[in-house]
Amino acid sequence: MTTLRVAVLGAAGRMGRTVVEAVQDAPGLELVAALDRDDDVAALADTGAQVAVDFTVPSVTEANVTALIRQGIHAVVGTTGWTDEALDRLRTELAAQPQVGVLIAPNFALGAVLAMRFAAMAARWFESAEVVELHHPDKADAPSGTARHTAEAIARARSQAGLGPMPDATTSAADGARGADVDGVRVHAVRLRGLTAHEEILLGNPGEQLTIRHDSFDRVSFMPGVLHAVRAIGDRPGLTVGLDQLLDLG
Ligand SMILES: NC(=O)C1=CN([C@@H]2O[C@H](COP(=O)(O)OP(=O)(O)OC[C@H]3O[C@@H](n4cnc5c(N)ncnc54)[C@H](OP(=O)(O)O)[C@@H]3O)[C@@H](O)[C@H]2O)C=CC1
Ligand SMILES: O=C(O)C1=N[C@H](C(=O)O)C[C@H](O)C1
């Protein structure tokens, strides 16, 4: 079996530490670099890394991935905060390095990926849909990348089905009481000590409710998805958004 040489960016962080352990324990993978703040991503090629995993912070992840692409290193990215404009800039970078693969995934937990897919399937059959995400209080961004992605998928499914705005008679609300508006879908963010990463998608019709819930109780929940992506990304040149694209879900 040939060994795949892997680097981790954000290696001192909560996710980075877990990824370092997972790579060290994974057959066929070799950890060749563990970088954090102040380390030089532009010199990573010297380590022989073939794939790099980025769990850093939204303000630096684009610069990291750009540096990886320019060195011909594939990227598996879990860091949140990607805008459509930033993704377009990556596509431009990738056009000059057509052999390089980049995966940006808001959530690597297999259950969370399936929950997003189920929500998108269900959305057109319900009058109302709202998303509640619940996380540890050390998280920097709100709403979560997963919740944004979920809301965007619900909005897309509703629009494709020709559904209009959801019923909502609110004419007066305290600041934030109705959550964030993501493409017309309300998203509510809870921050609570003791939590890790959780999401509920509430879908309502007259007389019935469907609740789709996913819980990550521990960061190990993300590791099977990360390792699958590390092994798969070299055969998938260009930009891929969402782990579901690598899971053969149909
Ligand atoms: N896709 C998924 O499945 C998941 C995604 N995430 C996302 O991953 C990201 C990281 O989460 P988490 O691990 O909890 O966050 P942490 O804050 O624990 O980790 C981020 C790490 O990146 C470091 N860092 C900051 N700047 C740089 C830089 N320029 N280069 C390299 N490293 C840098 C930080 O250092 P310092 O502390 O000194 O700033 C820290 O060690 C978030 O965006 C989060 O939402 C999280 C869980 C799952
Ligand atoms: O910061 C976290 O912890 C998480 N971030 C990701 C997100 O913003 O969706 C994934 C997961 O929810 C954990």
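Is L249 buried, partly exposed or exposed, and why? L249 counts as partly exposed because its relative accessibility is 34%; the class lies between buried (under 20% relative accessible area) and exposed (over 50%), with a 1.4 Å probe and protein chains only.

This is a predicted model, in which local features need pLDDT of at least 70 and side-chain atom pairs count only at pLDDT 80 or more, while totals for chains, interfaces and linings use all residues. Residues are numbered from 1 along each chain as written, chains are lettered from A and ligands numbered from 1 in the order written, and side-chain values use heavy atoms, without hydrogens and water.

L249 sits in the segment after β11 (238-241); strands are DSSP runs of E of at least two residues, and helices are runs of H or I of at least four, numbered from the N terminus. An unreviewed UniProt entry annotates residues 111-247 as "domain: Dihydrodipicolinate reductase C-terminal"; such annotations may be inferred rather than shown by experiment. Over residues 111-247 the chain is 28% helix and 29% strand, with 12 Å between the end C-alpha atoms.

The table gives polar contacts (N or O pairs within 3.5 Å) between side chains and an oxygen atom of ligand 2.

| Residue | Distance to an oxygen atom of ligand 2 |
|---|---|
| H135 | 2.6 Å |
| H136 | 2.9 Å |
| K139 | 2.7 Å |

On its own, ligand 2 has 320 Å² of accessible area (Shrake-Rupley method, 1.4 Å probe), and the protein covers 84% of this area.

Notes
A polar contact is a pair of N or O atoms within 3.5 Å; within protein, one must be able to donate a hydrogen and the other to accept it, and residues adjacent in sequence count only if both atoms are side-chain atoms.
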